[in-house]
2 protein chains.
Amino acid sequence: VTEHRLLAELRQAVGPAHVLTEAGQVEGYVVDWTRRYRGEAVAVVRPGDTAEVAAVVRACRAAAVALVPQGGNTGLVGGSVPRGGASAPPEGQVVLSTRRLDRLEPVDVAAAQVTAGAGVTLEALQGHARAAGLQVGLDLAARGSATVGGIAATNAGGERVLRYGVARAQVVGLEVVLADGTVVRRLSGLVKDNVGYDLAGLVVGSEGTLGVITAARLRLFPDPPSRAAALVGVASVGAAIDVLAALRTRLGGLEVAELMERTGLDLVRAHLALGQPLAGDHPAYLLVEAAGSTDQATALAEALAEVAAGGALDAVVAEGPGERARLWRYRDAHTEAIATLGIPLKLDVAVPLAVLPAFLDEVSELVAARPGVRAIAFGHLAEGNLHVNLLGVADADADQTTGEVLGLVAAHGGSISAEHGLGVAKAPWLALGRSAADVAALRAVKGALDPTATLNPGVIFPEP
Amino acid sequence: VTEHRLLAELRQAVGPAHVLTEAGQVEGYVVDWTRRYRGEAVAVVRPGDTAEVAAVVRACRAAAVALVPQGGNTGLVGGSVPRGGASAPPEGQVVLSTRRLDRLEPVDVAAAQVTAGAGVTLEALQGHARAAGLQVGLDLAARGSATVGGIAATNAGGERVLRYGVARAQVVGLEVVLADGTVVRRLSGLVKDNVGYDLAGLVVGSEGTLGVITAARLRLFPDPPSRAAALVGVASVGAAIDVLAALRTRLGGLEVAELMERTGLDLVRAHLALGQPLAGDHPAYLLVEAAGSTDQATALAEALAEVAAGGALDAVVAEGPGERARLWRYRDAHTEAIATLGIPLKLDVAVPLAVLPAFLDEVSELVAARPGVRAIAFGHLAEGNLHVNLLGVADADADQTTGEVLGLVAAHGGSISAEHGLGVAKAPWLALGRSAADVAALRAVKGALDPTATLNPGVIFPEP
């Protein structure tokens, strides 16, 4: 009866056509794209504006039904689909899809900002900015599906953080429906604004647990006319860090610094039947890209020559889009090439650069002690952000192995979730990533803003 | 008796020498530098480390005595001194001075970051960074006294926000003592870190109401070798905005864009007996400064020539430190020159650039309706951040006038406190700056993290 009344209220709120309940309709919303997370939903609702979102939130709260906000459903930690099994909230779950909130306002060229609905895809936003002669600072592989709301809710990172920062650095305003159904709107995009706490910054990265983001205002950036990439072979991860440090002081426009290891590169070569990218074979590879108003290919080549300082640095510089794409294939195909060997245990972590080589050595030791297990790490070097892929870990040993690797991360003062968030996947390890005092403060904030635990229960905070 | 016991506990916590109670000793801590705000303190305590801060916080909370955190005491809104008169908390107030927390860790050159105690002055931090070949992104006139803790607690801005952002953009880690005396420490400085809510970002700008900041980790920046400034005369504030927009697309290294009006410039000229800075007399002036690896004087001159596009732009470019200082005097002496005419009502606001000329026109109308009142505005143009100085406002009319000006700001979607914070001075107008839903959320956060209202009561939130 309660469920029946809730459905009636939801239909009233968003129109019957936008309350999906049939299995075929809801399938794409209740399972995540890794297919590892799945749950059941009372309904999937697709509100068309902020007032409708607020009505949905109020209805769910009144019915004591959990609400799971969902953008492009491209997350990797199970935070955007209903909880499954024993974790499913007893009174049921409603998925709120933001995809219909796809309004794009005109680009404010003078302020270099734009306001976009939560359901706008990153790709659509990028095209919109480009048409106004500007660019979005953020980019990631899921750009075709990932939405502005999801990017803000998860504080997404990606490959260009080195230059433009994470999502939090680019969000200059938010519209959010809070758990009580009230709407907080702050979209002026003022850079200086010290009127009370930064609620928007708090909601960014809160993974749908503090409010439903309905719109965001984002900084945009000039699109530099010259762009070049280089692939550099180095003797170790430590050497890659040194080369990056030297390049950073020489190249103001450095945007990307991706680390690869020989094992990963060899896998990609075998998978795509690609040749060796450089003259020699190297234990580690650094892919960098720079953009600016002056000729970047020349700047990169000169900087690399200076870094080599008379020694021999095995490197290649690529200028045009085709040449650059050729280098990027070695990096982009890592996930795909790894998947050919089985389903990896993926851990997205960051450690300070000073201890990154030591951390990788410790991961190697941990893996060496487990027969049949191998590790392939790659990632965003400037932030010490590694995607550690462990192959051959038995299901029964997955939690133990995860705990050990994350324990190493924590011991080095690192982050147990650099850019993917905790979701439900890493919530059990929250205490490894934050101190008891810290967790108590986070729980107090959650309790203050969502006392009924309506919004995305089970995400960030471990189940009792 | 209670007070006696509290004093004993404070002496136990920080040592008797660091609990000040005599009038002569406490004077510098209980009155702010505008001399407008003053209150009485049970004691001024000067803890020497984080554990001592925690002990002080616990003692005050147990005694139901309010705690007022204080850094360099250079704030302009009364937030760092005890509340006075009817606003004084009934059980008394303790000032916690962070000045002894002055530890500076070595600069992490590879990460371009440094960790500093809350009591380190901005000037000391700037010198420390410079010695390592880097620079602090933030600068403001009170650099000799303003502290790292105060800068973080108030989310300070200043003149270089255009390039480096506000304090929140530069703080990559905090150590904070929460109201319950627990310590939250996150100083790894990881750029990508998505493990639960951004507590540090929430505490930055919370003006001492959510925790006592004991240390901060800050981003540092390369110090470009070439630097140049230019003063440009324009026909209107709107024209200044257009010139700035055109310069921003041409100069990657633009750091400063200060707006002045003829009235302010004339006051400064009379006060310092300075000549006219440009060939002609102009309604508005724009002072810009750029820094980079290439010759900035040439770049600025070329950009200005392009902006003028054949027309005549009355401008002068200054290169060496002496020449630049000569131009900066016109801007820096504004506060001093205005003070010769009386004590101004100072309002620190921001409005979107698109409506800034209209806002200034409305302020002029508001002033014209008040005989004997005049307005002089200047500020940081890129952020639409104006310091509106009203002269000749009677004390009895100050609140009414403040409310009217802030009302205009709010009507334009602006910020009623751009960089100074609300403190106690602007707390009564919080509802003009944030919606009712927004204020309710802020109060919920405050209540969750400081349920006994121990930390800086009366700041940000208006008295009931």
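Predicted model: local features only at pLDDT ≥ 70, side-chain atom pairs only at ≥ 80, totals over all residues.
User: What element does B:Arg168 lie in?
Analyst: Helix 7 of chain B, residues 167–170.
User: And how far is the C-alpha of B:Arg168 from that of B:Leu122?
Analyst: The two C-alpha atoms are separated by 15 Å. Along the chain, B:Arg168 and B:Leu122 are 46 residues apart.
User: Let's do the contact between the chains. How many residues does it take from each?
Analyst: Chain A gives 60 residues and chain B gives 60 residues.
User: What area is buried between chain A and chain B?
Analyst: About 4,800 Å². Carbon and sulfur atoms give 61% of that.
User: Which residues of chain A lose the most area to chain B?
Analyst: A:Lys192, A:Asn194 and A:Tyr197. Together they make up 23% of what that side buries.
User: New topic, sheets. In what order do the four strands of the open sheet in chain A run?
Analyst: The order is 1-2-4-3, and the pairing is mixed.
User: Which strands stand at the edges there?
Analyst: Strand 1 (19–20) and strand 3 (66–70) of chain A. Each has a single partner strand, so one side of each is left without a neighbour in the sheet.
User: How many bridges join strand 2 and strand 4 of chain A?
Analyst: Three. Strand 2 covers residues 43–45, strand 4 covers residues 93–97, and they run parallel. A:Ala43 of chain A stands opposite A:Val94 in strand 4.
User: Helices next. At what angle do helix 1 and helix 3 of chain A pack?
Analyst: About 170 degrees, with their axes 9 Å apart. Helix 1 is residues 2–14 and helix 3 is residues 50–63. Helix 1 and helix 3 of chain A are therefore roughly antiparallel to each other.
User: Which residues meet there?
Analyst: From helix 1 of chain A: A:Thr2, A:Leu6, A:Glu9, A:Leu10, A:Ala13 and A:Val14. They meet A:Glu52, A:Ala55, A:Val56, A:Ala59, A:Cys60 and A:Ala63 in helix 3 of chain A. By class, this contact has nine nonpolar, one polar and two charged residues.
User: Over to chain B. What order do the strands take in its seven-strand open sheet?
Analyst: The order is 13-10-12-11-15-16-14, with antiparallel pairing. Strand 13 (314–318) and strand 14 (345–350) of chain B stand at the edges. Neighbouring strands of this sheet are turned by 15 degrees against each other on average, direction ignored.
User: How many bridges pair strand 15 with strand 16 of chain B?
Analyst: Seven, in the antiparallel sense. Strand 15 is residues 374–380 and strand 16 is residues 385–391. B:Ile376 stands opposite B:Asn389 in strand 16 of chain B.
User: Where does helix 9 of chain B lie?
Analyst: Helix 9 (residues 237–250) lies across strand 10 (226–234), strand 11 (254–261) and strand 12 (284–292) of chain B. Its direction is at about 170 degrees to strand 11 of chain B. Helix 11 (residues 296–308) of chain B also packs on the sheet, touching strand 10, strand 12 and strand 13 of chain B. Helix 11 makes about 25 degrees with the direction of strand 10 of chain B.

Methods
Residues numbered from 1 in each chain as written. Chains lettered and ligands numbered in written order. Heavy atoms only, no water. Pairing = 2+ DSSP bridges. Helix = DSSP H or I, 4+ residues; strand = E, 2+ residues; numbered from the N terminus. Axes fitted to C-alpha atoms, helices over the stretch in contact; angles between N-to-C directions. Parallel < 35°, antiparallel > 145°, perpendicular 65-115°, else oblique. Contact = heavy atoms within 4.5 Å. Nonpolar A, V, L, I, M, F, W, Y, C, P; charged D, E, K, R; others polar. Buried area = accessible area lost by both parts, 1.4 Å probe.
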